[in-house]
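Have the viewer open and follow along point by point.

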Amino acid sequence: MRFIRRLLGPKKKNEARKRVVDVERIDRYVRHAEGKDAYLSAYFEAMRNTGSNDNIFKQNRFFTLYQMASRVLAQGPAGDVAECGCWRGHSTYMVANLLKAGGWPGHFWVFDSFEGGLSDKTPKDRTGRGDTSPEATRNQKESFFSDYDAVKASLAPFPFVSLHKGWIPASFDVPGLAESRFALVHIDVDLYEPTRDSLEFFYPRMNPGGIIVIDDYGSALFPGSKTAVDEYLAKAKPAFFLESHLMGAVIVV
Ligand SMILES: C[S@@+](CC[C@H](N)C(=O)[O-])C[C@H]1O[C@@H](n2cnc3c(N)ncnc32)[C@H](O)[C@@H]1O
């Protein structure tokens, strides 16, 4: 148990987390405390190197992303990788580091406003729980502010990563993107419109067997993500769809 205490930091934080999930019962955390878990090492390395934050739900969702990136590396399909929603680059760094270690030959396209945080909410993004006040809206928007130059510096070890600053979907208008085909796309933009626009752009450009990971699917804070995905899948009919119990979803095209 001492290992776990050290892993989770000061006791107060530890106890807050244990109310959410008793990590001492999960083999992955016990192994990580002994320095033997590749995923958690990658997650924390990316977090440290991008100045990002941590929470147990994110650890769960990023584990899905990590497995999907590992699968693409080991088995394909071939194709580029893209991410919509980078913030400070936590998920970008983790995936890029994995691809680099595996000698992956493709390009990794990354899209984010890199300034004003989230775009405007539509009625489909309202939770109905007090998030319509100007202050709540401003706080949520500003909490995702990120600095382009700082993110670029953090991701400098990965020359195959290109950062595209601007609002989705206008920022998809970059040379070569429309002609590319994709093996893996990570959509983590929180809101209805950019999730819908990202799906509309990337889904038809996935190679057969290509994987789309949706970060916010099932979030009570960001209901627009699930709405956008459900609406799109009602017409797209993917080969496989998996919803994670603790938020997030995977689409195999
Ligand atoms: C939850 S954060 C992404 C988290 C990131 N994947 C990580 O690993 O920390 C959501 C991001 O989506 C971006 N975003 C939201 N709406 C956008 C839009 N319409 N165009 C571009 N970026 C957008 C925000 O700037 C924010 O950085």
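1. Start with the ligand: it sits in the largest pocket. Keep in mind as you look around that this is a predicted model.

2. Next, which residues come nearest to the ligand? Of the 19 residues around it, those are Gly85, Ser91, Asp112, Ile168 and Asp188. The whole shell divides into 9 nonpolar, 7 polar and 3 charged residues.

3. Two of them involve aspartate side chains: an N or O atom in the side chain of Asp112 is 2.7 Å from an oxygen atom of the ligand, and one in the side chain of Asp188 is 2.8 Å from a ligand nitrogen atom. Gly85 takes part through its backbone instead, with an N or O atom there lying 2.9 Å from a nitrogen atom of the ligand. As for how covered the ligand is, it exposes 600 Å² when taken alone, and the protein buries 97% of that.

4. Then have a look at Val23. You'll find this residue in the loop between helix H2 (11–20) and helix H3 (27–33). Is Val23 buried or exposed? Its relative accessible area is 1%, so Val23 counts as buried, the cut-off for that being under 20%.

5. Val23 and Ile56 are 33 residues apart in sequence, and their C-alpha atoms are 9.4 Å apart in space.

Definitions and conventions
Residues are numbered from 1 along each chain as its sequence is written. This is a predicted model: local features need pLDDT of at least 70, side-chain atom pairs count only at pLDDT 80 or more; totals for chains, interfaces and linings use all residues. Side-chain values use heavy atoms; hydrogens and water are left out. A residue is near a molecule or strand if one of its heavy atoms lies within 4 Å of it. A polar contact is a pair of N or O atoms within 3.5 Å; within protein, one must be able to donate a hydrogen and the other to accept it, and residues adjacent in sequence count only if both atoms are side-chain atoms. Accessible areas come from the Shrake-Rupley method with a 1.4 Å probe; for residues, only the protein chains shown count as cover. On a 1 Å grid over the protein atoms alone, a cavity is a set of points where a 1.4 Å probe fits but cannot get out, and a pocket is an open set with protein on both sides within 12 Å along at least five of seven lines; lining residues have an atom within 4 Å of a point. A molecule sits in a cavity or pocket if more than half of its atoms lie within 2 Å of its grid points. Ala, Val, Leu, Ile, Met, Phe, Trp, Tyr, Cys and Pro count as nonpolar, Asp, Glu, Lys and Arg as charged, and the others, Gly among them, as polar. Helices (H or I, at least four residues) and strands (E, at least two) are DSSP runs, numbered from the N terminus. Buried means under 20% relative accessible area, exposed over 50%, partly exposed in between (1.4 Å probe, protein chains only).
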